Amino acid sequence: MTSDSPSRSRWFGLLPRIVLAIVLGILVGRIAPEALTRTVATFNGLFSNFLGFVIPLIILGLIAPAIGELGRGAGKWLALTAALAYGSTLFAGFLGYAVSSAVLPDLLRGRSTPQLGNPEDALLAPWFEIEMDPAFGVMTALLLAFTVGVGMTMIKGDTLQRGFEEFREIVNKVISGIIIPLLPVYIFGVFLNMTAAGEVWNVITTFSGVILLVFALTVALLLMQFGVAGAVSGRNPLVLLKNMLPAYATALGTSSSAATIPVTLRQSLKNGVSEPVASFVVPLCATIHLAGSTVKLTCFSMAVMMLSGMEVHPGTMVGFILLLGIMMIAAPGVPGGAVMAAVALMESNLGFNEAQVGLMIATYIAIDSFGTATNVTGDGAIAQVVDRLARNRGFGRHGQEETARDEATTGVSPAAGVAATRTA
């Protein structure tokens, strides 16, 4: 029986269950009666509201004790991680601009702006909803975690540190006992409802060429990010990227960076990142690192401008991308959060009217998953870079850990508390 255990872990782990949920959602969505779809939508609504409630607690419970464990000087690691995230986001935007400038004029020649509805408006409503208001917002959780975490590195006592470490154990129990087991069910419901609604596929068909271009760019972006991470950490970048696939698949189903935090954290630990760095970088980057979303917003903004007969000025796009990188920090890690945060920027900098903004929202939401999946997978690359820099500088407790690990790191067990998130 013991010999069969690795096989079951491989074939019935989180990634296969997510893939199965996506396939079943699409297949069942084609034939499901309205009553079944609305029942599943009711579960998804409740689960989504619970995620909204618990995500700020996850951010506070993971980041604050992690900063405290990093020790004195943690502030510079906050600045470093934010700089890496912003640099990656800007690079993604300029990559999208350069490739779109070269490819889109030929790709969109002879086409005009289509009339599409918002895919979210076509989704079937749940039977009922239960509001679960969070104790505080995501940005408040981040600021509170920074303030408390850095403060704990500056005081002599350790009572508060121990309290937050125990709070982290509670958060990890919620992750392992509720969120991870129910994620495949939630993803099944998302794809079932989208398939039944039909409007999503209308958008995808209309923008098929641009969507393929964006998808190719996100793949290229991930290869470059993990190429850098592999060079810095001395590990095989393809192995690192392969280990992050469960996070990619989870984000593909949830369209939420925040909802994917538990899986991204688990896979970063599997890649050999220490618990303090992973617990600090992953929740932070889930909020401020939106490279995949920036690629999508840049490419689709240019596509809408070209389809509408608007001239694309290089200076305008450069300013748009620079400001977009800042706006993405304020974007909530929920489905469609990035495009909603960028609406004002599209109107003021690009001159979009209401119809063009509506077209952007429809197009973005229809394939929101791919940008989100790129965002969270790239978080694993940033965690690798920060982890290696922290090891090289012997930073806090983290610098005392053993640095020589197996390149594939498939045998590395997550630290206490997070190990329970294994679903195999």
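Is Val99 buried, partly exposed or exposed? Select Val99 to find out: its relative accessible area is 23%, so Val99 counts as partly exposed. The model on screen is a predicted one, and this tour goes through it stop by stop.

**The whole chain**

Show the protein chain as a cartoon. The secondary structure comes to 19 helices and 0 strands. The chain has 424 residues, and 53% of them count as buried. Among contacts with a separation of 6 or more, 85% are between residues 24 or more positions apart.

**Colour by confidence**

Colour the chain by pLDDT. The average is 75, and 76% of the residues score at least 70. Select residues 1–11 next: pLDDT is below 50 there, and this stretch has 5 contacts in the model beyond near neighbours in sequence. Then select residues 396–424, where pLDDT also stays under 50. For residues 396–424 the model has 66 contacts beyond four places in sequence. Among the elements of the chain, helix H1 (residues 5–11) has the lowest mean pLDDT, 42. Helix H10 (residues 237–243) has the highest, 91.

Go back to Val99, which lies in helix H4. Leaving aside neighbours within four places in sequence, Val99 is in contact with Leu213 and Leu217. Val99 and Cys299 are 200 residues apart in sequence, but their C-alpha atoms are 8.5 Å apart in space.

Stay in helix H4, which covers residues 74–107, and select Ser88. Ser88 has 15% relative accessibility and therefore counts as buried. Which residues does Ser88 touch, not counting those up to four places away in sequence? They are Gln225, His289 and Ala291. With His289 there is a polar contact of 2.8 Å between the two side chains. Ala291 is 203 residues from Ser88 in sequence and 6.1 Å from it in space, C-alpha to C-alpha.

**Helix H14: Thr294**

Select Thr294, in helix H14 (residues 291–307). Thr294 counts as buried because its relative accessibility is 0%. Draw a distance from its side chain to the backbone oxygen of Leu290, and the value is 2.8 Å. Not counting residues up to four places away in sequence, Thr294 touches Thr89, Gly93, Leu324 and Met328.

**Helix H15: Phe320**

The next selection is Phe320, in helix H15 (residues 314–329). Is Phe320 buried or exposed? With a relative accessible area of 0%, Phe320 is buried. Beyond four places in sequence, Phe320 is in contact with Ser301, Leu345, Met346, Asn349 and Leu350. Pick out Leu345 from that list: Phe320 and Leu345 are 25 residues apart in sequence and 7.3 Å apart in space, C-alpha to C-alpha.

**Helix H13: Pro276**

Move to Pro276, in helix H13 (residues 275–288). Pro276 has 8% relative accessibility; the cut-off for buried is under 20%, and Pro276 therefore counts as buried. The C-alpha atoms of Pro276 and Ala64 are 9.9 Å apart, while the two residues are 212 apart in sequence.

**Helix H11: a covered helix**

Select residues 245–254, which make up helix H11. How many of the 10 residues in helix H11 are buried? The count is 9, and the helix is mostly covered. Among the buried residues are Pro246, Tyr248, Leu252 and Thr254.

Which helix gives the most to the nonpolar patch? Helix H9 (residues 208–233) does, with 3 residues. Phe215 lies in helix H9. Its relative accessibility is 36%, so Phe215 counts as partly exposed. An α-helix has 3.6 residues a turn, so residues three or four places apart point the same way.

Definitions and conventions: Residues numbered from 1 in each chain as written. Predicted model: local features only at pLDDT ≥ 70, side-chain atom pairs only at ≥ 80, totals over all residues. Heavy atoms only, no water. Helix = DSSP H or I, 4+ residues; strand = E, 2+ residues; numbered from the N terminus. Buried < 20%, exposed > 50% of the residue type's maximum accessible area, 1.4 Å probe, protein only. Polar contact = N/O pair within 3.5 Å; in protein donor to acceptor, adjacent residues only side chain to side chain. Contact = heavy atoms within 4.5 Å. pLDDT = per-residue confidence, 0-100.
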